[in-house]
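Let's take a walk through a protein together. Have the sequence and the 3D view open, and turn the model around as you read.

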Amino acid sequence: MQINATESLKFHSCENGFECAKLKLPLDHFNGSHPKSFVSVAIAKLPAQVPVDDPRYGGPILINPGGPGGPGVFFNFLVGRQLQTVVDSAEDPKTSNHKNSSARYFDIIGFDPRGIGETEPSATCMPNVPSAWSWMLRELSEGQLGSSDAALGRLWSMSEAFGSSCKKNSEKQEEPDIKRYMSTAAVAHDMLDIVEKHAVWVAEKTVAVSKASRGCKDSAMKIQSAAKKAKLQYWGFSYGTYLGATFASMYPDRIERFILDGVVNSDDYNASLGNGSLHDTEKVMSTFYSYCANVGPAACPLAASSSSPGDIEDRLQRIVKSLYHNPIGIDTPFGPEVLTYSDIRTLLFLSLYSPGLIFPFLGSFLVNVEARHGPVLDQYVAGLRSAHVYSCPLNASAPQKIPTNVPTWAILCGDGKDVTDDDIADFEEYWHELEKISPTSGAIWSSLRMKCNHWNIRPAYRYQGEFSANTSHPILWLSNTADPVTPRKSGRIMAERFPGSVQLVQDSAGHCSLSTPTPCTLHYIRKYFQTGDLPPENTMCVPPSSALSLNSTDSTSRFHDPSLKAVGNGELWGNTMQLEVAMAAAERLQQWASEDNLWIMGSMHQAEDRNLLAISQMIKGRRLALTDLYP
């Protein structure tokens, strides 16, 4: 469907009950340059279960999947209904008495930020699909940092060439380059515009109903005032928490409900990713060793009947190192494949985002790697084809999206401090510092900084104020006790900067609360959106007991953390059926986080996107029953 951009919201039926629109907004909100240039922001809305003139209508909740670079429209198509189930009242809107009900029912709105997805113009550096894909394959063929003694020099030179070429491409364009106008601050302003335009859209609808029923003299005034009064309701994940914190700092009086899930420390992010993101990464990696030791060889073939977590770790490291000089050649019906040292290290890192769904496969996969053959290995490498081989569509006229991480670099490098003066020695010192903090992830995470070392396109405006404010409604921050890239301490730091905020801690491993469905967390999320009430200070939600349980408040646990206190959650769900419905939605969100979505994890490197596709095949091929983890 072709939707033309308009200055006011005009929704069209687009897919499975969703409504879509494109909103025409100024290219440059802050400097007024290029007044005749605009962006066309793609929007997808899952309408509320009640009409907008119903007193139970709660308004829109905007969502962001993270990245930076994640498209919110596709994200909403995937999981909007599940998110709506979590935040909406459990009362059936068709049977409850709306006149006396305090229930609230929300629209869920996803949008593609500037330069991303279906929003136009797109952020690119290459002229077409073949050149972009070919360059991606060439980069991937060099492997990760540390995968050979030549990898650093080659990757540095390739990053330098890419950055310089992208700069020349920018200077060559006749129109203003979108890459200079897609900072997080610009997207925050777009969110305010979306909320205001939507408030006007709602006011027009309700005024039309009022006129039809009894007339309305002050309808024009009501519509005009709607935008000024509009406040944002928002649920952001990972990088989406940085976007949310930016909005809250820029527009603190426009906050209605705000959940920031998997919290990014703004100081670390603004330093072009300092060294704070990986604080808990090895803790998550350790949960795999404990998981295998707990379930034994029947569920984790990497374990023997008497294996300790240390034994599992030693065996895993031997398997990984075995590929350094001897990758595995694999023959498939679709052509030859190879599994490399970089491939397996990337898989290990990505498994940390959603241990509940990926760890049960990881043990079988590693045993296949050790044997250098096996069905799980075959499943996995089948998903790596697009990272290794370029293929053209059968129909040459078929449209193709250019595979690119340019939006990631434009946003991440543009938001952060300018690090283009660093030389290769400075970078190498940074890389080794991260590897000391996290041997599992340091090489992958530091590659982000390398791109920024050569990104020469600075934004026309970026927010450089304080990340703190007295917001019109307090913020709810969600953090796991073991998150691979957004550690719990980041959530604590950020919550302390926004008076009245509360950090809700979930005692689980993985990225964002969605990685482990937890009744307690779901209860507080729904309560917050329904009533605005925050959890008590220092509340920690504990997932159902499983082989992955951290038991952080148990002094005998391997993951005991004396800074945490066990807080009784009580009978938070009075209705078992309501809990089952919410948990079913959360389980679908968990599956999204590990198999369907490539953005909550961040589009950090093309290799990770492709490895995620391979993981997706593994999970879809052998769907994990929830009872395997939560007996």
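Are Asp-190 and Arg-114 buried or exposed? Both of them are buried, where buried means under 20% relative accessible area, exposed means over 50%, and partly exposed is anything in between (1.4 Å probe, protein chains only). Their side chains meet in a salt bridge, with 2.6 Å from N to O. That term stands for a side-chain nitrogen of Lys or Arg within 4 Å of a carboxyl oxygen of Asp or Glu. The pair links distant parts of the chain, 76 residues apart: Asp-190 sits in helix H4, while Arg-114 is in the loop between strand S5 (105-111) and helix H2 (129-141).

Before going on, a word about what you're looking at. This is a predicted model, in which local features need pLDDT of at least 70 and side-chain atom pairs count only at pLDDT 80 or more, while totals for chains, interfaces and linings use all residues. Residues are numbered from 1 along each chain as its sequence is written, and side-chain values use heavy atoms, leaving out hydrogens and water.

Now zoom out. The protein has 20 helices and 12 strands; these are DSSP runs numbered from the N terminus, with at least four residues (H or I) for a helix and at least two (E) for a strand. Of its 631 residues, 59% are buried. Take the contacts (heavy atoms within 4.5 Å) between residues at least 6 apart in sequence: 77% of these join residues at least 24 apart.

Back to the salt bridges, which come to 15 in this model. In one of them, Glu-370 pairs with Arg-315, and the closest N and O atoms are 2.5 Å apart. Glu-370 lies in helix H11 (residues 355-371) and Arg-315 in helix H9 (residues 309-325), so this pair ties together parts that are 55 residues apart in sequence. Glu-370 has a relative accessible area of 39%, so it counts as partly exposed. Another salt bridge joins Glu-256 and Arg-257, with 3.4 Å between the closest N and O atoms. Here Glu-256 is partly exposed at 28% relative accessibility, whereas Arg-257 is buried at 10%.

Helix H4 (residues 184-213) also holds Thr-184. With 1% relative accessibility, Thr-184 counts as buried. Leaving aside residues up to four places away in sequence, Thr-184 touches several others, among them Tyr-239, Tyr-242 and Asp-415.

Next, find strand S6 (residues 232-237), where six of six residues are buried. In a regular strand, side chains alternate between the two faces of the sheet. Both faces of S6 are covered, with Leu-232, Tyr-234 and Gly-236 on one side and Gln-233, Trp-235 and Phe-237 on the other. What are its neighbours? Strand S4 (residues 57-64) runs parallel to S6 and is joined to it by three bridges; two strands pair if DSSP finds at least two bridges between them. Leu-62 stands opposite Tyr-234 in S6. Strand S7 (residues 255-261) is also parallel to S6, with six bridges, and Gly-236 stands opposite Leu-260 in S7.

Finish at helix H18 (residues 519-531). From first C-alpha to last, H18 reaches 18 Å, close to the 18 Å expected for its 13 residues, where the expected span is 1.5 Å times one less than the number of residues. Since 11 of those 13 residues are buried, H18 is largely enclosed by the rest of the structure. Just after H18, Gly-532 takes a positive phi of about 85°.
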